[in-house]
Amino acid sequence: MTEQELFRLARKRTEAKLGFYIHAAVYVVVMIVLFAINYLAASNPWAIFPFLGWGLGLAIHGVVALGVVGSGFREQLLKSEVAKLKNEQVVNP
């Protein structure tokens, strides 16, 4: 891998992690507001539903962005698609 390719990959991974951190910060702020509204205005605990639903999405985002599960999986899929496209170009010039 060339220096430029390494830099591009590092930048992509950094942007993915930063996107997750921003997502997590927004989640925390919104959940605090929702639970405060729920506490002050309602008798039933409805705020738990967006907490759990969005929390699941945030967890999945974290697994993907932080590379918890097979960080090379995305690159493997990309290489597979590139190979398919190259094969299509040879077959259909």
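**Exercise 1. The surface patch**

Task: Determine which helices each supply at least two residues of the nonpolar patch, and which residues form this patch on the surface.

Solution. Helix α1 (3–41) and helix α2 each supply at least two residues of the nonpolar patch. The structure under discussion is a predicted model, and in it the patch is formed by L18, Y21, I22, V26, L56, I60, V63, V64, L66 and V68, which together have about 910 Å² of accessible area. As one member to examine in detail, take V63, which is found in helix α2. V63 counts as partly exposed because its relative accessibility is 32%, a value that lies between the 20% limit for buried residues and the 50% limit for exposed ones.

**Exercise 2. Confidence along the chain**

Task: State the mean pLDDT of the protein chain, and find in which helix confidence is lowest and in which it is highest.

Solution. For the protein chain the mean pLDDT is 87, with 91% of the residues reaching 70 or more. Going through the elements, one finds the lowest confidence in helix α3 (residues 73–91), where the mean is 76, whereas α2 has the highest, at 95.

**Exercise 3. The nonpolar core**

Task: List the residues of the largest nonpolar core, and decide which element gives the largest share of it.

Solution. The largest nonpolar core is made up of seven residues, namely F20, Y27, M31, L34, A47, L58 and A65. The elements that contribute two or more residues to this core are α1 and α2. Of these contributions, the largest share is that of α1, with four residues. To follow the packing from one core member, consider Y27: when its neighbours within four places in sequence are left aside, Y27 is in contact with F51, W54, G55 and L58, and L58 is itself listed among the core residues.

**Exercise 4. Salt bridges**

Task: Find how many salt bridges the structure has, and say in which helices the paired side chains lie.

Solution. The count comes to two salt bridges. In one of them the side chains of E15 and R11 meet at 3.5 Å, taken from N to O; both residues lie in helix α1, four residues apart, which corresponds to about one turn of the helix. E15 is exposed, because its relative accessible area is 51% and the limit for this class is over 50%, while R11 counts as partly exposed at 48%. In the other salt bridge the side chains of K84 and E81 meet at 3.8 Å, N to O, and these two residues both lie in helix α3, three residues apart, again about one turn of the helix. K84 is partly exposed, with a relative accessible area of 47%, and E81 is also partly exposed, with a value of 43%.

**Exercise 5. A distance between two residues**

Task: Locate G53, and state how far it lies from A83 in sequence and in space.

Solution. G53 is found in helix α2, which covers residues 48–65. At 45% relative accessibility, G53 counts as partly exposed. G53 and A83 are separated by 30 residues in sequence and by 37 Å in space, C-alpha to C-alpha.

Conventions: Residues are numbered from 1 along each chain as its sequence is written. This is a predicted model: local features need pLDDT of at least 70, side-chain atom pairs count only at pLDDT 80 or more; totals for chains, interfaces and linings use all residues. Side-chain values use heavy atoms; hydrogens and water are left out. Buried means under 20% relative accessible area, exposed over 50%, partly exposed in between (1.4 Å probe, protein chains only). Patches are made of residues with over 30% relative accessible area and no salt bridge: like charges are joined within 9 Å, nonpolar side chains (Val, Leu, Ile, Met, Phe, Trp, Tyr) within 5 Å. Accessible areas come from the Shrake-Rupley method with a 1.4 Å probe; for residues, only the protein chains shown count as cover. A salt bridge is a side-chain nitrogen of Lys or Arg within 4 Å of a carboxyl oxygen of Asp or Glu. A nonpolar core is a set of buried Ala, Val, Leu, Ile, Met, Phe, Trp, Tyr and Cys residues joined through side-chain atoms within 4.5 Å. Contact means heavy atoms within 4.5 Å. pLDDT is the predictor's confidence in each residue, from 0 to 100.
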